[in-house]
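Hi,

Here is the structure I said I would pass on.

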Amino acid sequence: MPPPPPHGVLDGDETRPSVLRRLAYGLGAVGLGLAALSDFIAVAGRHLGLHLLGSIELTQTGIVFLGAGAMLYATLERHHASVHMVTSRLSPPTAAMLRRIMSLVSAAVFLGVAIGTAWVMGDLWNGYEMTELLEIPIRWLRALWLLASFAIAALFLRQAFQSGAPRNDGGEA
């Protein structure tokens, strides 16, 4: 039997990352690129006497993409912040049980965030909710975050009920 993949969820071919991992990476890259580019153009424009109106709105839009992609990628890679001072001293079965409990609690938190986002989104879907200058519709950014938070909750649930030996990075295979 081949060794388990080094990180996270794969889509059948252990030599290439999953579609979800690529999507998370792409969301983060687009968000970072948009935020950095809009700020660069705004700062350069101020020095040249040209003003980019709405650069803050573009940066905020990029942050939604960046945040959704980063949280999704961190969940896929099992790289959320955790303290190992206690769990590293526990027996492997107890540490695995605590990892599962942590995954269940994290799934509940992100499920709560997703439900709250869906609630607000449902209330404001037909409202005129756009950014002030560029009129970027907020509903689609909220929809992106809703999908990401449901995906993160599902990944945490999968990790909670997944069996396997602990990996080197503290997660389970």
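This is a predicted model: local features need pLDDT of at least 70, side-chain atom pairs count only at pLDDT 80 or more; totals for chains, interfaces and linings use all residues.

Helix pairs first. Helix α1 covers residues 19-48, and its partner here is helix α2, residues 55-77. Their axes come within 7 Å and cross at roughly 155 degrees. With anything over 145 degrees counting as roughly antiparallel, that makes α1 roughly antiparallel to α2. The crossing of the two is left-handed. Sorted by class, the residues in the contact of α1 with α2 are 15 nonpolar, 8 polar and 3 charged.

The other pair is helix α3 (residues 92-124) with helix α4 (residues 138-161). Here the axes come within 8 Å, and the crossing angle is roughly 160 degrees. So α3 and α4 are roughly antiparallel too, and α3 crosses α4 in a left-handed sense. The class count for the contact of α3 with α4 is 21 nonpolar, 5 polar and 3 charged residues.

Now a residue in α1 that I'd click on: Ser38. Is Ser38 buried or exposed? The cut-off for buried is under 20% relative accessible area, and Ser38 has 4% relative accessibility, so it counts as buried. What does the side chain of Ser38 reach? The answer is the backbone oxygen of Ala35, at 3.2 Å. If you set aside neighbours within four places in sequence, Ser38 is in contact with Leu52, Ser55, Leu58 and Thr59. Of the residues on that list, Ser55 and the two that follow, Leu58 and Thr59, have numbers that fall in α2, residues 55-77.

Arg78 is not a glycine, yet has a positive phi of about 60 degrees. You'll find Arg78 in the loop between α2 and α3. Its relative accessibility is 16%, so Arg78 counts as buried.

Glu135 is the other residue to check: phi is near 55 degrees, again a positive value in a residue other than glycine. Glu135 sits in the loop between α3 and α4. At 44% relative accessibility, Glu135 counts as partly exposed, whereas Arg78 counts as buried.

Cheers

Notes:
Residues are numbered from 1 along each chain as its sequence is written. Side-chain values use heavy atoms; hydrogens and water are left out. Helices (H or I, at least four residues) and strands (E, at least two) are DSSP runs, numbered from the N terminus. Buried means under 20% relative accessible area, exposed over 50%, partly exposed in between (1.4 Å probe, protein chains only). A polar contact is a pair of N or O atoms within 3.5 Å; within protein, one must be able to donate a hydrogen and the other to accept it, and residues adjacent in sequence count only if both atoms are side-chain atoms. Contact means heavy atoms within 4.5 Å. Axes are lines fitted to C-alpha atoms, for helices over the stretch in contact, and angles run from 0 to 180 degrees between N-to-C directions. Angles under 35 degrees count as roughly parallel, over 145 as roughly antiparallel, 65 to 115 as roughly perpendicular and the rest as oblique. A crossing is left-handed if the near helix is turned anticlockwise from the far one by less than a right angle, and right-handed if clockwise. Ala, Val, Leu, Ile, Met, Phe, Trp, Tyr, Cys and Pro count as nonpolar, Asp, Glu, Lys and Arg as charged, and the others, Gly among them, as polar.
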